[in-house]
Each structure stands twice: as C-alpha cells, then as structure tokens.
Amino acid sequence: MPRQEVLNEIKAAEDDAEEIVAEAEADAEERIAEARSEADEIRTTAEEEAEQDAADQLEAAHEEIDARREEILEEGEAAREELVEEAQDRIDEAVELAIDRFEEAVNAQT
C-alpha cells in the first residue's frame, strides 16, 4: 500500500476518532445535565415531603395537646364539682358548729 494511502487512512481514522470523542463528550455533557436536573427534582420532592411530614407531625402534636388539655379540664371540673358537693354536705355541720361556738361565747360572757 502506498504511503499516501496509508497517511490518508490514518488521517480519516483520526477524523473519525475526533468525531467519536466529540460525540461522546456531547453525550456525557447531556447525561450530566439530565442527572443534575433529575437530582434537583429529587431534592425538591424530598424537601416538599419533609416539609409535609413536619407539618403533619406538628398537627398531630397539636391534636394530642388539645386532647390532653380537654382531659385535664374535665378532670379539674370533676374535682371541683366533688369539692363543691362535699362543701355543701358540710354546710349544716359548719352552721351548727358556728352556732354552738357563738352560744358558748355568749354563755361565757354571762
């Protein structure tokens, strides 16, 4: 094979190689851009899900606090009613005791 043909074939092979490398670089850049875009979408979705989870947990905590608050208020109201009933049951005793002491004081003065 003559020298010129060999040189032409080498030149053609180099041109083909350069074209293949350029295509590969362009493909790599495109894939990198797609991967970055996909990563951004994943990050955005993860952030939105995390924010929603946090909001859900906060809402659940508020509901739990409200429920416990209601329980405490109901317990307090029941205890108050019990104390009022006990106090009313003892009014007669207190009145009698007060009258007895008043009478003793009056008798002690006379």
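1. Basis. This is a predicted model, in which local features need pLDDT of at least 70, side-chain atom pairs count only at pLDDT 80 or more, and totals for chains, interfaces and linings use all residues. Residues are numbered from 1 along each chain as its sequence is written, and side-chain values use heavy atoms, with hydrogens and water left out.

2. Overall form. The protein has two helices and zero strands (DSSP runs numbered from the N terminus: H or I of at least four residues for helices, E of at least two for strands). Its radius of gyration is 46 Å, well over the 13 Å that the globule rule gives for 110 residues, so the protein is more spread out than a compact globule. That radius is taken over C-alpha atoms, and the globule rule is 2.2 Å times the number of residues to the power 0.38. Along the principal axes, the C-alpha atoms fill a box of roughly 155 × 20 × 15 Å.

3. Of the 110 residues, 0% count as buried (buried is under 20% relative accessible area, exposed over 50%, partly exposed in between, with a 1.4 Å probe and protein chains only). The protein exposes about 10200 Å², of which carbon and sulfur atoms supply 52%. These areas come from the Shrake-Rupley method with a 1.4 Å probe; for residues, only the protein chains shown count as cover.

4. Charge. There are 10 positive and 42 negative side chains, and the centres of the two sets lie 6 Å apart. Lys and Arg count as positive, Asp and Glu as negative, while His and the chain ends are not counted. Each charge is placed at NZ of Lys, CZ of Arg, CG of Asp or CD of Glu.

5. Negative patch. A surface patch of negative charge includes Glu81, Asp89, Asp92, Glu103 and Glu104. Patches take residues with over 30% relative accessible area and no salt bridge, joining like charges within 9 Å and nonpolar side chains (Val, Leu, Ile, Met, Phe, Trp, Tyr) within 5 Å. Helix 1 (3-89) and helix 2 (91-109) each supply at least two residues, and helix 2 gives the most, with six. Glu103, in helix 2, is partly exposed at 42% relative accessible area.

6. Arg90 sits in the loop between helix 1 and helix 2 and counts as exposed, at 55% relative accessibility. Its C-alpha atom is separated by 21 Å from that of Gly76, 14 residues apart along the chain.

7. Salt bridges. The whole structure holds seven salt bridges (a side-chain nitrogen of Lys or Arg within 4 Å of a carboxyl oxygen of Asp or Glu). Arg68 pairs with Glu71 at 3.1 Å, N to O; the two are three residues apart in helix 1, so about one helical turn separates them. Arg68 also bridges to Glu75, with the closest N and O atoms 4.0 Å apart. Arg68 is partly exposed at 41%, as are Glu71 at 40% and Glu75 at 48%. Another bridge joins Glu70 and Arg69, with the closest N and O atoms 3.2 Å apart. Shared partners link Arg68, Glu71 and Glu75 into one network.

8. Nonpolar patch. Val6, Leu7 and Ile10 form a nonpolar surface patch with about 240 Å² of accessible area together. Leu7 is partly exposed, at 48% relative accessible area.
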